[in-house]
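Please open the model in your viewer, with the sequence panel beside it, and follow the stops below in order.

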Amino acid sequence: MDRDGRPALSRRSMLAGAAAAGVLAPAVAASGVAAFSAAAGAEAASASAAAAGQTRQITLYAEPMPNSTLIGYGLEPGKPTIPGPLLEIYEGDTLEIELVNNTDERLSIHPHGVNYDTNSDGAPFNNSFNNPRETRVYTWRTRTTYQRDGVYMPGSAGFWHYHDHALRGDHGTIGLLKGLYGGLIVRKRGDLLPDRQYTVVFNEQTINNKIAPDTPMFVANQGERVEWICIGHGNLLHTFHLHAHRWADTRTGMLASATDNTPVLDNKDLNPGGSFGFQVIAGEGVGPGAWMYHCHVQGHSDSGMSGVFLVRNPDGSMPPGAQAAIDRFQGHEHTGMTTTEMKAMGAEPVPTGPHDGIAPIAPDNPSAKKVKKSQPTTTTTPHNGHK
């Protein structure tokens, strides 16, 4: 566990395989998924694939972050993280989440991209939440692509996310500000698995509830396959830009063939409630080095929405010039645009003050003018079997 509370490893054992031993309950036939597919008119092949799915069980704990007003989800008592654990399953699987609320607040967990009934919605509207100190089970179902009424309907595969929907309100606003969010991946069987994974959440004018230079520094060795899970929250519009690397605008970030003309990107909208993911080969075609990732809304980048993607040499050693670049990033002064500057550009400042643990939205706030210098956390998140 890193010193700022981010998990050192994602929950890769959510996927089928030996790594799941001791973490998840024994797999059983997901009869509910199979019945659901059949009722929707799925073809026999799709119904068979759904029937082969697993029912997996996991316990999450919602707890205050140490020495902070923030709150996170964690896989173990006393170890909350922001973002929460990255959860992964295959299409056709069912995930049962036992959420233990170890706070004195009402809260919940609400997913995007999967199927659930009203009891697992996580919204007070459906009376679906944990009261203070209460434990509740939420059930999320997934399915493969199926045919109905002569057309193909999409399955659940994608890069999704989960978050609170009940803390101090009915819409999850405060829970998101406090850090109750995390990534969710539903994979197709046969998908390429990455060597490393990173979850990046643009939440108001922060990255994972931090501002530069304290934003996470993500690390990989040149040639490793790196998966990015990008999530947007809050009230502001953002874009995600990764220097020197690009990806196809598909579900995985990869092309289907040599003649696939899907647009290729290095910058994509990342707005509230949205999410996407992609894989790149670290340093492919450009070599190792310290590469920036950031929001390309210029006022946001100026205010501290930037971080470092460090691509080490293939043997893990530091490439020439990388440490000097990191030092310059550490010493860089991040300043917000003034109200006058924003109006001169035709933009209207958002009249919102700072929140606990969140960078101020209104750039004229003095605390947005300069961020104190501190050392970043270098986070490596290897896939099982990789260092």
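Select Arg168 to begin, which sits in the loop between E9 and helix H3 (173–178); helices (H or I, at least four residues) and strands (E, at least two) are DSSP runs, numbered from the N terminus. Phi of Arg168 is near 55 degrees, a positive value in a residue other than glycine. At 52% relative accessibility, Arg168 counts as exposed, where buried means under 20% relative accessible area, exposed over 50%, and partly exposed in between (1.4 Å probe, protein chains only).

Before moving on, note that this is a predicted model, in which local features need pLDDT of at least 70 and side-chain atom pairs count only at pLDDT 80 or more, while totals for chains, interfaces and linings use all residues. Residues are numbered from 1 along each chain as its sequence is written, and side-chain values use heavy atoms, with hydrogens and water left out.

Next, select Asn209, in the loop between E12 and E13, which also has a positive phi, of about 65 degrees, although it is not a glycine. Asn209 is buried, with a relative accessible area of 7%. The loop between strand E12 (206–207) and E13 is also the place of Pro213, and the peptide bond from Ala212 to Pro213 is cis, with omega near 10 degrees. For another cis peptide bond, go to the one from Ile82 to Pro83, where omega is near 0 degrees; Pro83 lies in the loop between strand E2 (71–74) and E3.

Now display the sheet that contains E9. Four strands form this open sheet in the order E3-E10-E9-E5, with mixed pairing, two strands being paired if DSSP finds at least two bridges between them. Strand E3 (84–90) and E5 stand at the edges, each with a single partner strand, so one side of each is left without a neighbour in the sheet. Strand E9 (residues 158–163) is mostly covered, since five of its six residues are buried. Six bridges join E9 to strand E10 (residues 181–187), and the two run antiparallel; to trace this pairing, select Gly158, which stands opposite Val186 in E10, and then His161, which stands opposite Gly183 in E10. Strand E5 (residues 110–111) is joined to E9 by two bridges, again antiparallel, and His110 stands opposite His163 in E9.

Which residues of helix H5 (residues 322–331) are buried? They are Ala322, Ile326, Phe329 and Gln330. Seen down the axis of H5, these buried residues fall within an arc of 100 degrees (taken from the directions from the helix axis to the C-beta atoms), so they line one face of the helix. They pack against strand E13 (217–221), strand E20 (289–295) and strand E21 (306–312).

Of its 31 residues, Trp228, Phe240, Phe278 and Phe309 touch the most other members. Elements that give two or more residues to this core include strand E11 (196–203), strand E14 (225–233), strand E19 (275–281) and H5. Centre the view on Trp228: leaving aside its neighbours within four places in sequence, its contacts (heavy atoms within 4.5 Å) include Tyr198, Phe218, Phe240, Phe278 and Phe309. A second, separate core of 20 residues includes Leu99, Ile109, Val114 and Val186.

Finally, colour the aromatic rings. The structure holds 17 aromatic pairs, in which rings of Phe, Tyr and Trp (its six-membered ring) have centres within 6.5 Å; planes under 30 degrees apart count as stacked, over 60 as edge-to-face and the rest as tilted. Trp247 and Phe278 form a stacked pair, 3.8 Å centre to centre with 5 degrees between the planes. This pair links distant parts of the chain, Trp247 in strand E16 (residues 247–248) and Phe278 in strand E19, 31 residues apart. Trp247 is buried, with a relative accessible area of 2%, and Phe278 is buried at 0%. Both belong to a cluster linked by ring pairs, whose members also include Tyr198, Phe202, Trp228 and Tyr293.

Conventions. A nonpolar core is a set of buried Ala, Val, Leu, Ile, Met, Phe, Trp, Tyr and Cys residues joined through side-chain atoms within 4.5 Å.
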